[in-house]
Amino acid sequence: MSTVIWHTMMSLDGFVAGPDDTMDWAFSHGGRSALADETRDSIGAILAGRRWYDVASARYDGVAGIYGGAWTGPVFVLTHRPEDLPDDPTVTVLSDGIEDAVSVARRAADGRAVGVLGAITAGQVVRAGLLDEIIVHIAPILLGDGVRFYGAPGTTATELELVERGDSEQVIDLRYRVRHPAA
Ligand SMILES: NC(=O)c1ccc[n+]([C@@H]2O[C@H](COP(=O)([O-])OP(=O)(O)OC[C@H]3O[C@@H](n4cnc5c(N)ncnc54)[C@H](OP(=O)(O)O)[C@@H]3O)[C@@H](O)[C@H]2O)c1
């Protein structure tokens, strides 16, 4: 079955986007990374949240801008408001919950990995027990405010296992396996 991966860049103080969804900091620190390239190449389908879609469409070329244009494949967008989404042939809209979304993306990935985009969406995948790996690149910046990587009051802990580390210039690359409690 496809591995489900949350691949993201994060500021040292734990934000995946700055105030007003700014991502300039990530682009300016996104140098060469063997782990990033390997992860991108392993992904067969993307499951994204509606906020990722709205921000990426308005500012970063939408689906064509994923991995700077170096990735193509099926992209699924989760939303409670499918009727508000513009008719966009580059994405498939899903609205039947996180378990259904992961299973649809897994089928589309056809044996390759599913990459998750958007912190709210990825957090749901974690809490549903469906995330296999977190691959995070820590940028040398304190953003101070923005979109948090993970967590809200009442969220319980999830154990991780560090399986790979590296660095590319100023950025620290970390790969974690999510430890699922024994069923
Ligand atoms: N640093 C990085 O590498 C990186 C990577 C990707 C994105 N980003 C940034 O992260 C931000 C977006 O992330 P985010 O955490 O704010 O939001 P997100 O996860 O992209 O989207 C969350 C939205 O998706 C919809 N959604 C999520 N789960 C759903 C479900 N189970 N059923 C139906 N709809 C569901 C809801 O929208 P509705 O209720 O409105 O439909 C929800 O508010 C942007 O600023 C983006 O640029 C950063």
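Which strands are included in what covers the buried residues of α2? The cover includes β1, β3, β7 (133-139), β9 and β10 (171-178). Contact here means that the C-beta atoms of two residues, placed from the backbone, lie within 7 Å.

The model is predicted: local features need pLDDT of at least 70, side-chain atom pairs count only at pLDDT 80 or more, and totals for chains, interfaces and linings use all residues. Residues are numbered from 1 along each chain as its sequence is written. Helices (H or I, at least four residues) and strands (E, at least two) are DSSP runs, numbered from the N terminus.

**The sheet**

Eight strands make up an open sheet with mixed pairing, in the order β5-β4-β3-β6-β1-β7-β10-β9. Two strands are taken to pair if DSSP finds at least two bridges between them. At the edges stand β5 (92-94) and β9 (160-168), each of which pairs on one side only. On average, neighbouring strands of the sheet are turned by 25° against each other, direction ignored. For such angles, axes are lines fitted to C-alpha atoms, for helices over the stretch in contact, and the angles run from 0 to 180 degrees between N-to-C directions.

|---|---|---|---|
| β3 and β4 | parallel | four | Gly49 and Leu78 |
| β7 and β10 | antiparallel | six | Glu133 and Arg177 |
| β9 and β10 | antiparallel | eight | Leu162 and Tyr176 |

A residue counts as buried if 20 or more other C-beta atoms lie within 10 Å of its own, as exposed if 12 or fewer do, and as partly exposed in between, with C-beta atoms placed from the backbone. In helix α2 (residues 34-42), the buried residues are Leu35, Ala36 and Thr39. Seen down the axis of α2, these residues fall within an arc of 100°, so they line one face of the helix. The arc is that of the directions from the helix axis to the C-beta atoms. Ala34, Glu38 and Asp41, on the other side of α2, are exposed.

Helix α3 has the buried residues Arg50, Trp52, Tyr53 and Ala56. Down the axis of α3 they fall within an arc of 155°, so they too line one face of their helix. Strands β3, β4 and β6 are included in what covers them. Just after α3, Asp61 takes a positive phi of about 70°.

Is Asp100 buried or exposed? Asp100 counts as exposed because it has 12 C-beta neighbours inside 10 Å. Val102 counts as buried because it has 23 C-beta neighbours inside 10 Å. Leaving aside neighbours within four places in sequence, Val102 is in contact with Val4, Leu47, Val114, Val125 and Leu130.

Asp100 and Ala122 are 22 residues apart along the chain, and their C-alpha atoms are separated by 14 Å. Val102 and Ile172 are 70 residues apart in sequence and 28 Å apart in space, C-alpha to C-alpha.

**Around the ligand**

Which residues come nearest to the ligand? Of the 26 residues around the ligand, they are Ala17, Gly49, Arg51, Gly118 and Ala119. The elements that give two or more residues to this shell are β1 (4-11), β2 (15-17), α3 (50-59) and α5 (119-127). A residue is near a molecule or strand if its C-beta atom, placed from the backbone, lies within 6 Å of it.

The residues of the shell divide into 13 nonpolar, nine polar and four charged. Ala, Val, Leu, Ile, Met, Phe, Trp, Tyr, Cys and Pro count as nonpolar, Asp, Glu, Lys and Arg as charged, and the others, Gly among them, as polar.
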